[in-house]
Amino acid sequence: MPPLDVVVAGAGPAGLSAAAACAAAGLRTAVVAASLSPWPATYCLWADELDGAAPGLGLDPAAVAAAYSPTVVRTAAGGERRLARRYARLRNGVVHTALLGRLRASGGEVVPGRVTGLRAEGGREVAVLADGRELAARLVLDARGGGPGTAQQRAWGEVVAGPVEDLVPPGGALLMDWAALTDPAAPPAFLYGLPLDDGTVLLEATSLAARPPVPLADLRARLTALLGAHGLRPAGGPERVAIPLDAPPRAGGAGTPVGAAAGLVHPATGYSVASSLRLGPRVAAALADGGVPAARRAVRAARPRTTAGLLGLGLEVLLPLDTGATDAFFAAFFTLPERTWAAYLDVGSSPAAVAAAMARTFTALPPAQRAHLLRTAARLGGTRAAALLGRPRAAPPPDDHGAGTATRRR
(Lines give C-alpha, C1' and ligand atoms only; values in the text may rest on other atoms or scores of the structure.)
Protein backbone atom coordinates (compact mmCIF):
# COMPACT_ATOMS: atom_id res chain seq x y z
CA MET A 1 0.00 0.00 0.00
CA PRO A 2 1.40 3.48 -0.87
CA PRO A 3 2.03 5.99 1.94
CA LEU A 4 -1.21 7.02 3.62
CA ASP A 5 -2.56 10.29 4.93
CA VAL A 6 -5.23 8.75 7.15
CA VAL A 7 -5.88 5.38 8.76
CA VAL A 8 -9.28 4.97 10.41
CA ALA A 9 -9.55 2.27 13.08
CA GLY A 10 -13.14 1.03 13.07
CA ALA A 11 -16.02 1.22 10.59
CA GLY A 12 -19.02 2.19 12.68
CA PRO A 13 -20.91 5.37 11.69
CA ALA A 14 -18.16 7.61 13.10
CA GLY A 15 -15.31 5.72 11.45
CA LEU A 16 -16.87 5.07 8.06
CA SER A 17 -18.21 8.62 7.68
CA ALA A 18 -14.80 10.06 8.56
CA ALA A 19 -13.03 7.69 6.15
CA ALA A 20 -15.42 8.50 3.30
CA ALA A 21 -15.03 12.25 3.88
CA CYS A 22 -11.25 12.03 4.03
CA ALA A 23 -11.05 10.02 0.81
CA ALA A 24 -13.43 12.42 -0.93
CA ALA A 25 -11.17 15.31 0.14
CA GLY A 26 -8.31 13.74 -1.80
CA LEU A 27 -6.55 12.23 1.21
CA ARG A 28 -5.03 8.77 0.85
CA THR A 29 -7.24 6.85 3.24
CA ALA A 30 -7.58 3.33 4.60
CA VAL A 31 -10.20 2.10 7.05
CA VAL A 32 -9.56 -1.03 9.11
CA ALA A 33 -12.80 -2.98 9.58
CA ALA A 34 -13.43 -6.34 11.18
CA SER A 35 -16.76 -6.51 9.33
CA LEU A 36 -18.41 -4.64 6.48
CA SER A 37 -21.96 -5.65 7.37
CA PRO A 38 -24.48 -2.83 7.90
CA TRP A 39 -24.76 -1.74 11.51
CA PRO A 40 -27.44 -3.68 13.44
CA ALA A 41 -28.38 -1.01 16.00
CA THR A 42 -31.14 1.57 15.58
CA TYR A 43 -29.63 5.01 14.92
CA CYS A 44 -31.82 8.08 15.19
CA LEU A 45 -31.40 11.84 15.18
CA TRP A 46 -33.36 14.98 14.42
CA ALA A 47 -34.20 15.46 10.75
CA ASP A 48 -32.66 18.94 10.64
CA GLU A 49 -29.41 17.51 12.00
CA LEU A 50 -29.30 15.04 9.13
CA ASP A 51 -30.11 17.81 6.65
CA GLY A 52 -27.07 19.69 7.94
CA ALA A 53 -24.66 16.74 8.00
CA ALA A 54 -25.69 14.83 4.88
CA PRO A 55 -24.35 17.12 2.11
CA GLY A 56 -20.79 16.97 3.46
CA LEU A 57 -20.98 13.16 3.31
CA GLY A 58 -22.59 12.98 -0.12
CA LEU A 59 -25.81 11.59 1.33
CA ASP A 60 -29.39 12.27 0.27
CA PRO A 61 -31.36 12.86 3.51
CA ALA A 62 -34.62 11.70 1.92
CA ALA A 63 -33.07 8.38 0.90
CA VAL A 64 -30.98 7.52 3.94
CA ALA A 65 -33.54 8.19 6.68
CA ALA A 66 -37.20 7.82 7.57
CA ALA A 67 -38.55 11.08 8.99
CA TYR A 68 -41.48 11.21 11.40
CA SER A 69 -44.13 13.76 12.24
CA PRO A 70 -45.31 14.45 14.85
CA THR A 71 -42.72 13.75 17.53
CA VAL A 72 -44.58 13.02 20.75
CA VAL A 73 -43.57 13.35 24.41
CA ARG A 74 -45.98 12.22 27.14
CA THR A 75 -45.68 12.82 30.86
CA ALA A 76 -48.12 12.33 33.72
CA ALA A 77 -47.48 15.90 34.86
CA GLY A 78 -47.88 17.60 31.48
CA GLY A 79 -49.91 15.24 29.32
CA GLU A 80 -49.11 14.82 25.64
CA ARG A 81 -46.94 17.35 23.86
CA ARG A 82 -46.43 17.27 20.10
CA LEU A 83 -43.10 18.71 19.06
CA ALA A 84 -42.83 20.49 15.72
CA ARG A 85 -39.31 19.21 15.24
CA ARG A 86 -39.18 16.06 13.10
CA TYR A 87 -37.40 12.97 14.35
CA ALA A 88 -35.60 10.64 11.93
CA ARG A 89 -34.25 7.09 11.82
CA LEU A 90 -31.25 6.20 9.68
CA ARG A 91 -31.71 3.47 7.12
CA ASN A 92 -28.49 1.76 8.09
CA GLY A 93 -28.08 -0.32 4.97
CA VAL A 94 -28.51 2.68 2.67
CA VAL A 95 -26.15 4.88 4.70
CA HIS A 96 -23.54 2.12 4.97
CA THR A 97 -23.63 1.38 1.23
CA ALA A 98 -23.43 5.07 0.31
CA LEU A 99 -20.47 5.81 2.58
CA LEU A 100 -18.60 2.67 1.55
CA GLY A 101 -19.23 3.45 -2.11
CA ARG A 102 -17.97 7.02 -1.70
CA LEU A 103 -14.85 5.77 0.07
CA ARG A 104 -14.00 3.33 -2.71
CA ALA A 105 -14.94 5.68 -5.53
CA SER A 106 -12.51 8.22 -4.08
CA GLY A 107 -9.64 5.72 -3.96
CA GLY A 108 -9.97 4.75 -0.30
CA GLU A 109 -8.99 1.28 0.86
CA VAL A 110 -10.72 -1.18 3.19
CA VAL A 111 -8.32 -3.33 5.19
CA PRO A 112 -9.92 -6.39 6.82
CA GLY A 113 -8.84 -6.76 10.43
CA ARG A 114 -8.94 -5.19 13.85
CA VAL A 115 -6.66 -2.52 15.29
CA THR A 116 -5.27 -3.53 18.68
CA GLY A 117 -2.64 -0.85 19.24
CA LEU A 118 -1.44 2.61 18.19
CA ARG A 119 1.98 4.22 18.38
CA ALA A 120 3.90 7.22 17.09
CA GLU A 121 7.05 6.57 15.09
CA GLY A 122 9.25 8.80 12.97
CA GLY A 123 6.78 11.64 12.68
CA ARG A 124 3.94 9.32 11.66
CA GLU A 125 1.33 7.27 13.50
CA VAL A 126 1.10 3.51 13.25
CA ALA A 127 -1.97 1.29 13.65
CA VAL A 128 -1.05 -2.23 14.76
CA LEU A 129 -3.50 -4.95 13.70
CA ALA A 130 -4.32 -8.11 15.62
CA ASP A 131 -2.45 -10.27 13.11
CA GLY A 132 0.72 -8.18 13.42
CA ARG A 133 0.34 -6.07 10.28
CA GLU A 134 1.05 -2.36 10.62
CA LEU A 135 -0.32 0.66 8.77
CA ALA A 136 1.43 4.03 9.03
CA ALA A 137 -0.12 7.40 8.17
CA ARG A 138 0.11 11.09 8.96
CA LEU A 139 -2.97 10.66 11.18
CA VAL A 140 -4.77 7.70 12.73
CA LEU A 141 -8.42 8.29 13.64
CA ASP A 142 -9.50 6.01 16.47
CA ALA A 143 -13.16 5.06 15.98
CA ARG A 144 -13.17 1.93 18.13
CA GLY A 145 -15.79 3.18 20.58
CA GLY A 146 -15.69 4.55 24.09
CA GLY A 147 -14.99 3.01 27.47
CA PRO A 148 -17.47 1.23 29.77
CA GLY A 149 -18.30 4.15 32.08
CA THR A 150 -20.23 3.73 35.34
CA ALA A 151 -23.64 5.13 34.32
CA GLN A 152 -25.53 3.70 31.38
CA GLN A 153 -28.65 4.12 29.31
CA ARG A 154 -30.29 0.78 28.75
CA ALA A 155 -33.30 -0.40 26.79
CA TRP A 156 -35.07 -3.57 25.78
CA GLY A 157 -36.90 -3.36 22.48
CA GLU A 158 -39.35 -5.56 20.60
CA VAL A 159 -40.77 -5.26 17.09
CA VAL A 160 -44.57 -5.68 17.01
CA ALA A 161 -47.00 -6.07 14.13
CA GLY A 162 -50.31 -5.23 15.75
CA PRO A 163 -52.09 -1.86 15.80
CA VAL A 164 -50.31 0.57 18.13
CA GLU A 165 -52.08 3.87 17.42
CA ASP A 166 -52.86 4.26 21.11
CA LEU A 167 -49.12 4.13 21.85
CA VAL A 168 -47.34 5.56 18.79
CA PRO A 169 -48.98 8.26 16.63
CA PRO A 170 -49.56 7.17 13.00
CA GLY A 171 -46.59 8.34 10.94
CA GLY A 172 -45.00 9.84 14.02
CA ALA A 173 -42.37 8.98 16.61
CA LEU A 174 -42.89 8.41 20.31
CA LEU A 175 -39.80 10.02 21.79
CA MET A 176 -40.74 9.53 25.44
CA ASP A 177 -43.80 8.28 27.30
CA TRP A 178 -43.05 8.46 31.01
CA ALA A 179 -46.60 7.39 31.95
CA ALA A 180 -46.75 4.10 30.01
CA LEU A 181 -44.34 2.13 32.22
CA THR A 182 -44.95 3.79 35.57
CA ASP A 183 -43.93 1.66 38.53
CA PRO A 184 -43.20 3.60 41.75
CA ALA A 185 -41.19 0.65 43.07
CA ALA A 186 -38.93 0.46 40.00
CA PRO A 187 -36.34 2.85 38.55
CA PRO A 188 -37.70 5.46 36.10
CA ALA A 189 -38.28 4.16 32.57
CA PHE A 190 -40.09 5.44 29.51
CA LEU A 191 -41.62 3.91 26.39
CA TYR A 192 -40.04 4.76 23.04
CA GLY A 193 -41.60 3.84 19.70
CA LEU A 194 -40.88 4.12 15.97
CA PRO A 195 -42.69 2.81 12.88
CA LEU A 196 -40.35 0.77 10.67
CA ASP A 197 -40.19 0.58 6.89
CA ASP A 198 -41.96 -2.80 6.72
CA GLY A 199 -45.04 -1.63 8.62
CA THR A 200 -44.02 -3.02 11.99
CA VAL A 201 -43.27 -0.85 15.02
CA LEU A 202 -40.26 -0.87 17.35
CA LEU A 203 -41.20 -0.38 21.02
CA GLU A 204 -38.54 -0.02 23.71
CA ALA A 205 -38.64 0.17 27.49
CA THR A 206 -35.82 2.59 28.22
CA SER A 207 -33.89 3.57 31.32
CA LEU A 208 -32.54 6.98 30.39
CA ALA A 209 -29.65 6.97 32.87
CA ALA A 210 -28.79 4.91 35.92
CA ARG A 211 -25.77 4.08 38.05
CA PRO A 212 -25.57 1.14 38.44
CA PRO A 213 -27.39 0.37 35.18
CA VAL A 214 -30.90 -1.05 35.31
CA PRO A 215 -30.80 -4.79 34.46
CA LEU A 216 -32.05 -5.53 30.96
CA ALA A 217 -34.21 -8.31 32.39
CA ASP A 218 -36.17 -5.74 34.40
CA LEU A 219 -36.81 -3.61 31.31
CA ARG A 220 -37.80 -6.69 29.35
CA ALA A 221 -40.34 -7.63 32.02
CA ARG A 222 -41.88 -4.16 32.01
CA LEU A 223 -42.16 -4.10 28.23
CA THR A 224 -43.61 -7.62 28.14
CA ALA A 225 -46.30 -6.56 30.63
CA LEU A 226 -47.15 -3.51 28.50
CA LEU A 227 -47.37 -5.56 25.32
CA GLY A 228 -49.63 -8.07 27.05
CA ALA A 229 -51.93 -5.31 28.30
CA HIS A 230 -52.34 -4.07 24.72
CA GLY A 231 -52.70 -7.51 23.15
CA LEU A 232 -49.39 -7.24 21.29
CA ARG A 233 -46.80 -9.93 20.63
CA PRO A 234 -43.20 -9.65 19.41
CA ALA A 235 -42.82 -10.13 15.66
CA GLY A 236 -39.03 -10.29 15.46
CA GLY A 237 -35.84 -10.47 17.47
CA PRO A 238 -35.28 -8.17 20.46
CA GLU A 239 -33.05 -5.10 20.51
CA ARG A 240 -30.76 -4.70 23.49
CA VAL A 241 -29.28 -1.29 24.26
CA ALA A 242 -26.46 -0.46 26.68
CA ILE A 243 -24.82 2.95 26.22
CA PRO A 244 -22.07 4.18 28.57
CA LEU A 245 -22.87 7.80 29.45
CA ASP A 246 -19.89 8.96 31.49
CA ALA A 247 -16.93 7.33 29.75
CA PRO A 248 -14.19 9.96 29.25
CA PRO A 249 -12.62 10.53 25.83
CA ARG A 250 -9.61 8.39 24.98
CA ALA A 251 -6.53 10.37 25.96
CA GLY A 252 -2.79 10.05 25.62
CA GLY A 253 -0.63 8.22 23.14
CA ALA A 254 -0.97 8.10 19.39
CA GLY A 255 -4.19 8.43 17.46
CA THR A 256 -6.99 10.99 17.47
CA PRO A 257 -10.34 9.72 18.77
CA VAL A 258 -13.60 10.29 16.89
CA GLY A 259 -17.18 9.29 17.73
CA ALA A 260 -17.75 7.72 21.11
CA ALA A 261 -13.99 7.48 21.64
CA ALA A 262 -13.90 11.29 21.50
CA GLY A 263 -16.62 11.62 24.13
CA LEU A 264 -19.34 12.54 21.64
CA VAL A 265 -21.96 10.46 23.47
CA HIS A 266 -24.36 12.88 25.13
CA PRO A 267 -24.05 12.16 28.87
CA ALA A 268 -27.72 12.81 29.62
CA THR A 269 -29.35 11.20 26.57
CA GLY A 270 -26.99 8.65 25.01
CA TYR A 271 -27.16 10.25 21.56
CA SER A 272 -24.02 10.44 19.40
CA VAL A 273 -24.70 9.66 15.74
CA ALA A 274 -25.45 13.18 14.50
CA SER A 275 -22.34 14.55 16.20
CA SER A 276 -20.24 11.79 14.66
CA LEU A 277 -21.65 12.20 11.14
CA ARG A 278 -21.04 15.93 11.01
CA LEU A 279 -17.50 15.57 12.42
CA GLY A 280 -16.12 13.52 9.52
CA PRO A 281 -16.25 16.28 6.87
CA ARG A 282 -14.83 18.81 9.33
CA VAL A 283 -11.85 16.62 10.16
CA ALA A 284 -11.25 15.89 6.46
CA ALA A 285 -11.34 19.56 5.50
CA ALA A 286 -9.10 20.54 8.42
CA LEU A 287 -6.52 17.86 7.59
CA ALA A 288 -6.51 18.73 3.89
CA ASP A 289 -6.12 22.46 4.53
CA GLY A 290 -4.13 22.69 7.75
CA GLY A 291 -2.54 19.32 8.43
CA VAL A 292 -2.66 17.10 11.51
CA PRO A 293 -2.77 19.89 14.14
CA ALA A 294 -5.81 21.43 12.44
CA ALA A 295 -7.56 18.05 12.29
CA ARG A 296 -7.00 17.52 16.01
CA ARG A 297 -8.39 20.98 16.75
CA ALA A 298 -11.50 20.13 14.73
CA VAL A 299 -12.06 17.05 16.88
CA ARG A 300 -11.65 19.00 20.11
CA ALA A 301 -14.01 21.71 18.87
CA ALA A 302 -16.78 19.13 18.39
CA ARG A 303 -16.99 18.72 22.17
CA PRO A 304 -16.30 22.01 24.00
CA ARG A 305 -14.81 21.20 27.39
CA THR A 306 -17.07 23.52 29.37
CA THR A 307 -20.14 22.19 27.57
CA ALA A 308 -19.08 18.64 28.44
CA GLY A 309 -18.76 19.65 32.10
CA LEU A 310 -22.23 21.17 32.17
CA LEU A 311 -23.80 18.15 30.46
CA GLY A 312 -22.00 15.87 32.90
CA LEU A 313 -23.53 17.88 35.72
CA GLY A 314 -26.91 17.41 34.04
CA LEU A 315 -26.41 13.65 34.10
CA GLU A 316 -25.57 13.69 37.80
CA VAL A 317 -28.68 15.76 38.52
CA LEU A 318 -30.89 13.24 36.69
CA LEU A 319 -29.44 10.08 38.25
CA PRO A 320 -31.03 10.35 41.74
CA LEU A 321 -34.50 11.38 40.51
CA ASP A 322 -37.35 8.96 41.19
CA THR A 323 -40.16 8.27 38.73
CA GLY A 324 -42.33 11.22 39.72
CA ALA A 325 -39.46 13.68 39.77
CA THR A 326 -38.17 12.48 36.40
CA ASP A 327 -41.64 12.84 34.90
CA ALA A 328 -41.91 16.39 36.27
CA PHE A 329 -38.45 17.24 34.92
CA PHE A 330 -39.29 16.32 31.34
CA ALA A 331 -42.73 17.89 31.55
CA ALA A 332 -40.91 21.14 32.32
CA PHE A 333 -38.04 20.60 29.87
CA PHE A 334 -40.29 20.34 26.83
CA THR A 335 -42.20 23.51 27.70
CA LEU A 336 -39.05 25.44 26.78
CA PRO A 337 -38.75 27.00 23.33
CA GLU A 338 -37.52 24.43 20.82
CA ARG A 339 -34.35 26.37 20.18
CA THR A 340 -33.50 26.22 23.89
CA TRP A 341 -34.10 22.53 24.58
CA ALA A 342 -32.52 21.58 21.24
CA ALA A 343 -29.28 23.27 22.25
CA TYR A 344 -29.11 21.19 25.43
CA LEU A 345 -29.36 17.99 23.39
CA ASP A 346 -26.21 18.81 21.40
CA VAL A 347 -22.74 18.04 22.76
CA GLY A 348 -21.39 20.64 20.33
CA SER A 349 -23.47 23.54 21.68
CA SER A 350 -21.83 26.52 23.29
CA PRO A 351 -21.58 26.53 27.10
CA ALA A 352 -23.83 29.61 27.15
CA ALA A 353 -26.58 27.79 25.24
CA VAL A 354 -26.43 24.75 27.53
CA ALA A 355 -26.38 26.92 30.65
CA ALA A 356 -29.40 28.87 29.38
CA ALA A 357 -31.35 25.64 28.84
CA MET A 358 -30.46 24.40 32.32
CA ALA A 359 -31.50 27.68 33.91
CA ARG A 360 -34.78 27.89 32.03
CA THR A 361 -35.64 24.29 32.89
CA PHE A 362 -35.01 25.16 36.54
CA THR A 363 -37.49 28.04 36.47
CA ALA A 364 -40.13 25.83 34.82
CA LEU A 365 -39.96 23.18 37.56
CA PRO A 366 -42.23 22.99 40.63
CA PRO A 367 -40.65 24.46 43.82
CA ALA A 368 -39.84 21.05 45.33
CA GLN A 369 -37.92 20.05 42.21
CA ARG A 370 -36.01 23.31 42.22
CA ALA A 371 -34.86 22.70 45.78
CA HIS A 372 -33.65 19.22 44.87
CA LEU A 373 -31.71 20.48 41.86
CA LEU A 374 -30.05 23.21 43.89
CA ARG A 375 -28.96 20.73 46.55
CA THR A 376 -27.67 18.26 43.97
CA ALA A 377 -25.88 20.89 41.90
CA ALA A 378 -24.26 22.38 44.99
CA ARG A 379 -23.07 18.97 46.13
CA LEU A 380 -21.68 18.00 42.74
CA GLY A 381 -20.63 21.21 41.12
CA GLY A 382 -20.09 23.63 44.00
CA THR A 383 -21.71 26.96 44.62
CA ARG A 384 -21.09 28.17 41.08
CA ALA A 385 -23.39 25.53 39.61
CA ALA A 386 -26.04 26.20 42.22
CA ALA A 387 -25.81 29.91 41.50
CA LEU A 388 -26.22 29.20 37.78
CA LEU A 389 -29.51 27.43 38.40
CA GLY A 390 -30.60 30.03 40.90
CA ARG A 391 -30.12 32.94 38.47
CA PRO A 392 -32.11 31.90 35.38
CA ARG A 393 -31.70 33.96 32.26
CA ALA A 394 -34.66 35.55 30.56
CA ALA A 395 -33.55 34.32 27.14
CA PRO A 396 -30.55 32.68 25.47
CA PRO A 397 -27.83 34.99 24.12
CA PRO A 398 -28.27 35.97 20.45
CA ASP A 399 -25.85 33.33 19.15
CA ASP A 400 -27.39 30.44 21.09
CA HIS A 401 -29.15 28.91 18.12
CA GLY A 402 -27.76 25.41 18.81
CA ALA A 403 -27.74 22.75 16.16
CA GLY A 404 -30.19 20.70 18.18
CA THR A 405 -29.01 17.18 17.90
CA ALA A 406 -30.30 14.18 19.60
CA THR A 407 -28.96 11.08 18.08
CA ARG A 408 -30.87 8.31 19.60
CA ARG A 409 -28.73 5.70 20.14
CA ARG A 410 -26.00 3.79 19.99
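This is a selection-by-selection tour of the structure shown above.

The model is predicted: local features need pLDDT of at least 70 and side-chain atom pairs count only at pLDDT 80 or more, while totals for chains, interfaces and linings use all residues. Residues are numbered from 1 along each chain as its sequence is written, and side-chain values use heavy atoms, with hydrogens and water left out.

**Stop 1: strand β2**

Select residues 29–33, which form strand β2. Helices (H or I, at least four residues) and strands (E, at least two) are DSSP runs, numbered from the N terminus. Five of the five residues of β2 are buried, so the strand is largely enclosed by the rest of the structure. Buried means under 20% relative accessible area, exposed over 50%, and partly exposed in between (1.4 Å probe, protein chains only). Show the side chains: Thr 29, Val 31 and Ala 33 point one way from β2, Ala 30 and Val 32 point the other way, and all are buried.

Two strands pair if DSSP finds at least two bridges between them. Ala 9 has Val 32 of β2 as its bridge partner. Now trace the chain from β1 through helix α1 (residues 13–24) to β2: this β-α-β crossover is right-handed. That is, with the strands pointing away from the viewer, the path from the first strand over the helix to the second runs clockwise.

**Stop 2: the three-stranded sheet**

Select β3, β7 and β4, which form an open antiparallel sheet in the order β3-β7-β4. β3 (44–46) and β4 (65–68) stand at the edges, each with a single partner strand, so one side of each is left without a neighbour in the sheet. The twist averages 30 degrees from one strand to the next; axes are lines fitted to C-alpha atoms, for helices over the stretch in contact, and angles run from 0 to 180 degrees between N-to-C directions. β4 and β7 (residues 87–90) pair over four bridges, and Ala 67 stands opposite Ala 88 in β7.

**Stop 3: the seven-stranded sheet**

This open sheet runs in the order β6-β5-β13-β14-β15-β12-β16, with mixed pairing. Its edge strands are β6 (79–83) and β16 (239–244), and each pairs on one side only. The twist averages 20 degrees from one strand to the next. Zoom in on β5 (residues 71–75) and β13 (residues 173–177), which pair in the parallel sense over four bridges; Arg 74 stands opposite Asp 177 in β13.

Now show helix α5 (residues 216–229). α5 lies across β12 (152–160), β14 (190–195), β15 (201–210) and β16, at about 35 degrees to β12. Pick Ala 217 in α5; Ala 217 is exposed, with a relative accessible area of 54%.

**Stop 4: the cores**

A nonpolar core is a set of buried Ala, Val, Leu, Ile, Met, Phe, Trp, Tyr and Cys residues joined through side-chain atoms within 4.5 Å. The largest has 94 residues, and Tyr 87 and Leu 175 have the most contacts inside it. Helix α6 (residues 273–301) gives the largest share of this core, 13 residues. Centre on Leu 175: beyond its neighbours within four places in sequence, its contacts (heavy atoms within 4.5 Å) include Trp 46, Val 73, Tyr 87, Phe 190, Tyr 271 and Phe 334. A second, separate core of 20 residues includes Val 160, Val 164, Leu 167 and Leu 174.
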